[in-house]
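Me: I would like a close look at a single residue, with the criteria stated.

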Amino acid sequence: MNVEQFEGAELHLHVTGSISAALVPWWIHWLRQVNTELVVNVSVTRSATRFVTVKSLRHLANGQVWTDSWDEPDLPRQVNYGKSGESTCFLIFPATLDTLMRLAQGRADSPALMMFQVTDRPIVIADTLPGSNDIVENHLRTLRQRSNIAFAPRTTGVRAGDRSPAELGFNLPGAVSVANNMVRKGRAHE
């Protein structure tokens with residue numbers, strides 16, 4: 001498989017409460033194998049901890065790993081400024097419908113959401129949407145209007161509940177490619 005490396009030195013993954021979160025440890029391992037010098041920071045929603053443990057992510061990631069809660073004792077102060085260490089890009093991986101709706105509404109009721117609302121750095125969304133309707137599509141259009149947000153390319157996967165085929169954005173290689181393109185465009189304007 002021809003895999004594109006992330007071109008930056010540091011990346012932030014935000015893990016939300018989809019069952020796909022259970023696969024994130026494997027993807028972090030893969031990411032660090034492909035990008036041996038890359039620093040990976042991770043934030044984890046409380047709902048994601050039903051599917052993956054923060055402890056396992058701390059063993060696999062080599063950057064800051066924190067729970068997306070205002071009560072988190074290790075919450076980095078940089079989130080108030082739209083930063084996570086020296087991350088050049090954010091990947092919401094997997095991105096649940098709830099997270100995307102809250103982000104589109106401009107909500108900042110968790111540290112990670114606030115960080116995403118105030119950052120000017122690229123945000124790539126790797127979604128795991130269960131379906132769509134007019135309301136969902138309206139919120140997705142709102143997100144697409146932000147110049148620093150893009151979506152990972154869709155890939156064929158399967159639904160967890162019934163194993164039926166589904167088109168998903170839960171695609172880390174595709175998300176990395178989109179992130180690289182966004183970071184390159186940002187550098188061209190600096």
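Why does Glu 72 count as buried?

Reply: This is a predicted model, in which local features need pLDDT of at least 70, side-chain atom pairs count only at pLDDT 80 or more, and totals for chains, interfaces and linings use all residues. Residues are numbered from 1 along each chain as its sequence is written, and side-chain values use heavy atoms, with hydrogens and water left out.

Glu 72 counts as buried because its relative accessibility is 11%; buried means under 20% relative accessible area, with a 1.4 Å probe and protein chains only. By that criterion, 53% of the 190 residues of the protein are buried.

Glu 72 sits in the loop between strand S3 (65–67) and strand S4 (90–95); strands are DSSP runs of E, at least two residues, and helices are runs of H or I, at least four, numbered from the N terminus. The protein has 6 helices and 8 strands.

Two backbone nitrogens lie by the side chain of Glu 72. The one of Thr 67 is 3.0 Å from a polar atom of that side chain, and the side chain also reaches the backbone nitrogen of Asp 74 at 3.0 Å. A polar contact is a pair of N or O atoms within 3.5 Å; within protein, one must be able to donate a hydrogen and the other to accept it, and residues adjacent in sequence count only if both atoms are side-chain atoms.

Apart from neighbours within four places in sequence, Glu 72 is in contact (heavy atoms within 4.5 Å) with Arg 58, Trp 66 and Thr 67.

Terms used. Buried < 20%, exposed > 50% of the residue type's maximum accessible area, 1.4 Å probe, protein only.
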